[in-house]
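Open the model in your viewer and keep the selection panel at hand. The stops below go from the whole chain to single elements.

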Amino acid sequence: MKETISVNTVKTRNRAAVFREIVANEELTRNELAHRCGISLGTVATILEELGHLGVVVETKDSRASVGRKPNIVRVVRNAKKILALDLASRNFAYEFLGVDLREEGHGTHRFEPTRSFEENLRAMLREIRDYLERIGLRDEAIIGVGVSVPGSYRYGIDRIDNSPFPELHSISLKTLIQEYFSQPILIDHDVFLAARAEIQHYPEYEKRNVFYVFLGEGVGGAL
C-alpha cells in the first residue's frame, strides 16, 4: 500500500530530520542543519522555534568564531525535558523515563495482580507513576509526551485496540484512560511497529529502505 504524502507528513519528517541531526551532533549552525537535511533556512528557523518553545533545544553564539558575525550554535537540552514510555505489550507492565535524546533516565515495573482486571492494573501503574513523579519532584511541564507500546493494532478513530492476545484490552478506551492521569500528547502504536521503526533507524538513509521485522513474544507478529 502506498503512503499518502501530505503537508503534515512533510513537516513531521523535516522536524524529525532536524532533531536527529541536533541530537547526533553536539554543535551545528542553522546553515549546517539546512544543508544536512536538504531543507530551506526558513524551514529550519520554523522548526527551531517550535523545538525551542518546547524547551528541547537552545541556540547560543559560537564562541569559536574569532572574526565576523558569530553564527548561532544549536544544541539539544538533554536533561530539561522527558518522555514517558509505557510498555503494555505483556502483563508485565513497564515504564521508562527517557531524555529527548532517548537516553534512559529512570524505569520501573508494575506487578500484575491477577485478582484485578487489566484496566485496574493499568490504573494502578499510572497511579504509581504519578506517585513516583511527586517523590522525585518532576513537574508535569517537564514531560513533553507519552508513548505507549501495545500488543495489537490501535485504531485512533475509535480509541480501541484490535487483535490483542489480551481480550480485556479490546474494550478499553486507552488514550482516554491515560489522559485521566497525563495531559501531554499521547502516541499509541503496535509494539511490533515501534520495534521495527527502532531497528531500521540504525541504518544510513533509513527513510529510503524497507525492512520486514518478525517478533516472537506473547504471540507472533510482523511489521513491514
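What percentage of the 224 residues in the protein chain is buried? Buried residues make up 39%, where buried means under 20% relative accessible area, computed with a 1.4 Å probe on protein chains only.

This is a predicted model, in which local features need pLDDT of at least 70 and side-chain atom pairs count only at pLDDT 80 or more, while totals for chains, interfaces and linings use all residues. Residues are numbered from 1 along each chain as its sequence is written, and side-chain values use heavy atoms, with hydrogens and water left out.

Colour by secondary structure. The protein chain has 6 helices and 11 strands; these are DSSP runs, helices being H or I of at least four residues and strands E of at least two, numbered from the N terminus. Of the contacts (heavy atoms within 4.5 Å) between residues at least 6 apart in sequence, 50% join residues at least 24 apart.

Select residues 30-37 and 41-54. These are helices H2 and H3, which pack at about 110 degrees with their axes 9 Å apart. Axes are lines fitted to C-alpha atoms, for helices over the stretch in contact, and angles run from 0 to 180 degrees between N-to-C directions. H2 is therefore roughly perpendicular to H3, a label for angles of 65 to 115 degrees. Show side chains: Arg30, Asn31, Leu33 and Ala34 in H2 meet Leu41, Val44, Ala45 and Leu48 in H3. By class, this contact has 6 nonpolar, 1 polar and 1 charged residues.

Step back to Thr29, in the loop between helix H1 (7-24) and H2. Thr29 is buried, at a relative accessible area of 12%. Leaving aside residues up to four places away in sequence, Thr29 touches Pro71, Asn72 and Ile73.

Next, select the open sheet, whose 5 strands run in the order S5-S4-S3-S6-S9 with mixed pairing. Its edge strands, S5 (104-109) and S9 (186-190), each pair on one side only. From one strand to the next, the twist averages 15 degrees.

Within the sheet, pick residues 82-87 and 94-99. Strands S3 and S4 pair there in the antiparallel sense over 6 bridges; two strands count as paired if DSSP finds at least two bridges between them. Asp87 stands opposite Ala94 in S4.

Terms used
Angles under 35 degrees count as roughly parallel, over 145 as roughly antiparallel, 65 to 115 as roughly perpendicular and the rest as oblique. Ala, Val, Leu, Ile, Met, Phe, Trp, Tyr, Cys and Pro count as nonpolar, Asp, Glu, Lys and Arg as charged, and the others, Gly among them, as polar. Buried means under 20% relative accessible area, exposed over 50%, partly exposed in between (1.4 Å probe, protein chains only).
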